[in-house]
Every structure is written in structure tokens, then in C-alpha cells.
Amino acid sequence: KMIHSMRRSAQQLPETEIERILQEGSHGVLAVCDGDEPYAVPLSYVYEKGHIYFHSAVTGHKLGAIASNNRVSFCVVGRDEVQPERFSTRYESVIAFGRAAIVTDSTLKRHALEMLVQKYSPGYQHNGKREIEQEWDHVQIVEIAVQHCTGKRSAQ
């Protein structure tokens with residue numbers, strides 16, 4: 001697959017900024033190919049060492065699409081400040097490209113769920129562990145192995 005170069009390369013983010021945005025983002029938008037129909041869905045996620053993890057029900061639209069074509073992209077907006085007087089927006093964003101798969105290793109599944117609890121419910125790890133046990137059979141973890149990323153920020 002051809003990797004497109006960024007048209008305005010001066011706005012390209014360095015790798016350290018890309019990593020920061022992926023670490024700190026509150027949510028991302030997963031884009032999958034579902035036959036001829038694109039499908040994009042916002043979701044909570046965690047990022048660790050070149051992998052994006054998110055939880056899902058055991059069946060559903062995104063899982064069906066991933067089963068038929070595991071190539072995905074995942075967009076995270078790090079900053080989005082509309083500047084009406086300048087007819088512009090100050091922004092920074094990252095798009096990660098990779099392949100998605102359901103995590104079958106129970107140790108990795110638990111680790112990803114615990115990372116989600118830590119990110120979204122800090123201070124509630126004890127309750128989070130209980131929730132993980134209660135929902136274990138009703139939740140899947142999907143892992144995106146990131147193959148490459150692009151990051152961009154506004155010029156001003």
C-alpha cells in the first residue's frame with residue numbers, strides 16, 4: 001500500500017509529538033472498510049509501544065468489518081481550538097495506520113483492560129478489577145498493530 005507524503009510537510013509533527021498525542025488523547029475515531037462502505041466510529045482507547053487497544057462487545061459492526069479486512073486507520077485529535085477572528089483553527093492530530101485483530105491472549109486482554117481502567121477511571125482500580133471479572137466473557141479487546149503514523153499541526 002502506498003504511503004502518501006504530507007502535502008504541507010512544514011506542519012508535520014515529530015515522532016515525539018505523535019507519541020504524546022496518542023498517549024494523551026481522550027478518544028479516537030476508528031475507520032474500517034466494510035465492503036464498499038467506509039465505517040468510522042469514535043471510541044475510548046489506550047496506546048502502548050506501537051499498539052492501540054480498545055474494548056468492544058463480542059459481536060458488532062466494527063468486528064465484522066475487521067474480520068473481513070483488518071486494515072484500519074485510527075485518528076486522534078490532540079487539540080482543536082477554533083479561532084473565528086482568523087477564519088482558522090489551531091489543531092494537532094495524528095492518524096495511525098495498521099492492522100487490527102482480536103486479542104486472544106488472556107494476559108494481554110487483562111493488561112489492556114487494566115490500562116483502560118487506569119486511563120479513564122484513575123483511583124478506581126479496585127472497582128475496575130471487579131468490573132473486568134464481571135464482564136470478562138462479554139468484552140473483547142482489539143489491538144491495532146500500528147504500521148505507520150502521520151501527525152500534523154496548524155501553521156500558527
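S56 sits in strand β4; strands (E, at least two residues) and helices (H or I, at least four) are DSSP runs, numbered from the N terminus. This is a predicted model, where local features need pLDDT of at least 70, side-chain atom pairs count only at pLDDT 80 or more, and totals for chains, interfaces and linings use all residues. Residues are numbered from 1 along each chain as its sequence is written, and side-chain values use heavy atoms, with hydrogens and water left out.

Is S56 buried or exposed? Its relative accessible area is 5%, so S56 is buried; buried means under 20%, exposed over 50%, partly exposed in between, with a 1.4 Å probe and protein chains only. Beyond its neighbours within four places in sequence, S56 is in contact (heavy atoms within 4.5 Å) with K62, L63, H138, V139 and Q140.

Now the cores. A nonpolar core is a set of buried Ala, Val, Leu, Ile, Met, Phe, Trp, Tyr and Cys residues joined through side-chain atoms within 4.5 Å. The largest has 23 residues, and L30, Y45, F54, I66, F74 and I144 touch the most other members. Elements giving two or more residues to this core include α1 (15-24), β1 (28-34) and β4 (51-56). Apart from this core lies another, of twelve residues, including V46 and W136.

Last, R79, in strand β5. R79 and S154 are 75 residues apart in sequence, and their C-alpha atoms are 9.8 Å apart in space. Leaving aside neighbours within four places in sequence, R79 is in contact with R90, Y91, E92 and S154.
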